[in-house]
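Take a look at the model below.

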Amino acid sequence: RRAGARLRQERMRCGSTQEQMAMIGGVKRVSQHLYEIGARSPKLRYLALIGTTGIDVQFVVGGSSGGPGATTEEEVGFLQLLRGAHRSFALQLDAC
């Protein structure tokens with residue numbers, strides 16, 4: 001249960017919705033919800049995928065920060081800008 005709460009905490013720190021995190025992790029939103037309430041444990045593939053977005057997977061799984069290799073707040077902000085740019089670009093493509 002604690003890992004689910006840490007997953008939710010990290011998702012919120014990165015400014016992502018459950019739906020966004022589920023899409024990044026290759027699962028459905030309901031699975032994301034079940035992970036966060038501790039009713040289901042995520043697979044390694046999911047953790048690897050969300051780890052590319054700034055989520056501190058070491059913190060989620062073990063409760064301690066990833067240390068020097070952990071994503072900084074500045075990097076999280078940059079990732080959020082990239083996500084926004086990606087969405088904007090996709091919308092422009094859809095309009096073509």
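What follows covers confidence, then the helix and its packing.

This is a predicted model, in which local features need pLDDT of at least 70, side-chain atom pairs count only at pLDDT 80 or more, and totals for chains, interfaces and linings use all residues. Residues are numbered from 1 along each chain as its sequence is written, and side-chain values use heavy atoms, without hydrogens and water.

The protein chain has a mean pLDDT (the predictor's confidence in each residue, from 0 to 100) of 82. Of its residues, 75% reach 70 or more. Confidence is lowest in helix α6 (residues 73-95), at a mean of 64. It is highest in α3, at 97.

Start with α3, residues 29-36. Helices here are DSSP runs of H or I, at least four residues, numbered from the N terminus. The buried residues of α3 are Ser31, Gln32, Tyr35 and Glu36; buried means under 20% relative accessible area with a 1.4 Å probe, protein chains only. They lie on the same side of α3 because they cover an arc of only 135° around the axis. That arc is taken from the directions from the helix axis to the C-beta atoms. Their cover includes α1 (2-13), α2 (18-25) and α4 (44-51). After α3 comes Gly38, with a positive phi near 80°.

Now turn to α1. Its axis and that of α3 come within 7 Å and cross at roughly 120°. Therefore α1 is oblique to α3. Axes are lines fitted to C-alpha atoms over the stretch in contact, with angles from 0 to 180 degrees between N-to-C directions. In contact (heavy atoms within 4.5 Å), Gly4, Ala5, Leu7, Arg8 and Arg11 of α1 meet Gln32, Tyr35 and Glu36 of α3.

Conventions:
Buried < 20%, exposed > 50% of the residue type's maximum accessible area, 1.4 Å probe, protein only. Helix = DSSP H or I, 4+ residues; strand = E, 2+ residues; numbered from the N terminus. Parallel < 35°, antiparallel > 145°, perpendicular 65-115°, else oblique.
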